[in-house]
Amino acid sequence: MTMHTDAQDVLDRLKTAQSKPLGDPRFKSLIGLEKSTFSQSQSATSGLTFYDLELGAKFLYPVLTPLRNMIPRVSGKGGIQAAWRAITKINTTGLRFGVSSANRGGVLAVATQDYTASYKGIGVETSVDFEAQFAGQEFDDVRAIGAKTGLEALMLGEEAMILGGCASGALGVTPTPSLAASTSGGSLAAQTWSVICAALTLDGMMNGSIQGGVQGQITRTNADGSSDTFGGGVAAKSASATAATTGATGSISASVMPVPGALGYAWFWGAAGAEVLGAITTINSLVISAAAAGSQTAASLGSNDNSANVLAFDGLIYQAFKPGSGASVYTMSPGTAGTGSPLTADGSGGIIEIDTVLKSMWDNYRLSPDTMWVSSQEALNISKKILAASQSSAQRFVFETAQDLVGGGIMVRTYLNRFSMQGGGVVDIKVHPNMPAGTILFTTKGLPYPLAGVGNVMQIRTRQDYYQIEWPLRTRKYEYGVYADEVLQHYFPPALALITNIGNG
């Protein structure tokens, strides 16, 4: 009787629902639509949801090493340094060569020079614990990734060292800043402000930031528990200079004499004794318009010169800066504080400062460089200045077959060297990933000297090229070291040149 009544009730409800929309609650309760047993999870890692993870890690970081890629690598022959001797000039006394009848000529004088370059070890360690390897099964080979990233990191560090390693070019004490206070141009409160400056090498520039600070002396704990202490690329800080502002809109123009070898400057300001990092510039001046935004104190740098790194070899920049190198080094004048002196267009498609350097290399050594290494800032500024004199004739457009589609753009990739034997040579302009703004490096691949005895003008000489060590297990993790033992040889530093302290514009 009960089963018949229940069946009849279901039939009655169906007949009633036939004339009702699907949203009728009686229909929903009849067929169970008011609640789903399974629904899509709102999280990718919960519920009965497939996790669509592609196998294999993606390596989304740049490994740009143009100098390392182009410079030949040769094997050394032991010892602690590469050494070579060169005759750098003949007829140093300006001997005349006419001779009288039956007499002998004058005696020729030559100049010689000895060169050395000490080998340095470079290396980095990585590790993979057992659990990381277990967890990565069926996804990727974590141990192989550990070795791969170690090698790539070593190459990136080697590239920076080739460009601007500073082993012997200590910057010394940074000059005391010159200050000029103004009642306008900023938001400085009425106060007596103390300003301290510290010059930076390439290493200091690459690893310094307003929020993170600049690194003076570094003590690194190594994988084996030992430690190394070396300079982080910061010169001895300057003495403090003071200036007073009035009102609430004050500013201070600050500058120091350009420091030979400096590629940038760290600036600290605040009350005397409480100066904190507020700016890092690529020229020797700035305009202080607000309170310093960083947290590192000038006092934390101590008083020592920590610009040189005893564990590095001298890179191209500091081989050029080295006193007596013979390299042409052009330092831009200080110019207006905060702006400096930008490169100067000559009005005929050239740049005065670049031509000055090229002319100096030709006049003194009969050399013509083939490459300029620049930052993105200088690449853009060089293009603008060269094209300013001939924009209409230098335009290049690319037309596509699609209607109304046109692409345009101008970028100067080479520079005409007007000072060479062939009457004009081409200098490639290449952006280097580690080159700071404000600096241009010129390099030369070949010497135009007959029988010079120099196969490679510059080369990486190795006592031991890249090698990897998988260390014996001492804990439940795999440990890897990637190393090399090498030095950068540049046989003739006059084939290098630099322009530094370039303002943006």
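Predicted model: local features only at pLDDT ≥ 70, side-chain atom pairs only at ≥ 80, totals over all residues.

Mentor: Residues are numbered from 1 along each chain as its sequence is written, and side-chain values use heavy atoms, with hydrogens and water left out.

Trainee: How many helices and strands are there in the protein?

Mentor: Helices (H or I, at least four residues) and strands (E, at least two) are DSSP runs, numbered from the N terminus. On that basis the protein has 10 helices and 23 strands.

Trainee: What percentage of the residues in the protein is buried?

Mentor: A residue is buried under 20% relative accessible area, exposed over 50%, and partly exposed in between, with a 1.4 Å probe and protein chains only. The protein has 505 residues, and the buried share of them is 39%.

Trainee: Among contacts between residues at least 6 apart in sequence, what percentage joins residues at least 24 apart?

Mentor: Contact here means heavy atoms within 4.5 Å. For contacts between residues at least 6 apart in sequence, the share that joins residues at least 24 apart is 77%.

Trainee: Which strands are the edge strands of the open sheet formed by 4 strands?

Mentor: Two strands pair if DSSP finds at least two bridges between them. The order in this open sheet is β1-β21-β22-β4, with mixed pairing. Pairing on one side only marks the edge strands, β1 (73-75) and β4 (120-129).

Trainee: At about what angle does α5 run to β4?

Mentor: Axes are lines fitted to C-alpha atoms, for helices over the stretch in contact, and angles run from 0 to 180 degrees between N-to-C directions. Helix α5 lies across β1, β4, β21 and β22 (477-490). Its angle to β4 is about 155 degrees.

Trainee: Why does the span of helix α5 agree with expectation?

Mentor: The expected span of a helix is 1.5 Å times one less than its number of residues. Helix α5 (residues 142-164) has 23 residues, so it should span 33 Å. The span agrees because its end C-alpha atoms are apart by 33 Å.

Trainee: Which residue caps the N-terminal end of α5?

Mentor: A polar contact is a pair of N or O atoms within 3.5 Å; within protein, one must be able to donate a hydrogen and the other to accept it, and residues adjacent in sequence count only if both atoms are side-chain atoms. At this helix end, a side-chain oxygen lies 3.2 Å from the backbone nitrogen of Arg 143. The capping residue that supplies this oxygen is Asp 141.

Trainee: Is Glu 138 buried or exposed?

Mentor: Glu 138 is in the loop between α4 (130-135) and α5, and has a positive phi of about 70 degrees although it is not a glycine. Because its relative accessibility is 73%, Glu 138 counts as exposed.

Trainee: In β11, which residue is the bridge partner of Val 195?

Mentor: Strand β6 (residues 191-200) is mostly covered, with 8 of its 10 residues buried. β6 runs antiparallel to strand β9 (residues 241-245), joined by 5 bridges, and Trp 193 stands opposite Ala 243 there. β6 is also antiparallel to strand β11 (residues 264-270), through 7 bridges. In β11, Val 195 has as its bridge partner Trp 269.

Trainee: Which elements do the buried residues of α8 pack against?

Mentor: The buried residues of α8 include Ile 354, Leu 358 and Trp 362. The elements against which the buried residues of α8 pack are β14 (328-331), β15 (371-374), α9 (376-388), β18, β20 (440-443) and β23 (497-500).

Trainee: The side chain of Ser 420 reaches the backbone nitrogen of which residue?

Mentor: Ser 420 is in the loop between β18 (414-417) and β19 (425-431), and is buried because its relative accessible area is 9%. Not counting residues up to four places away in sequence, Ser 420 touches Trp 362, Ser 368 and Gly 425. At 3.5 Å, the side chain of Ser 420 reaches the backbone nitrogen of Gly 425.
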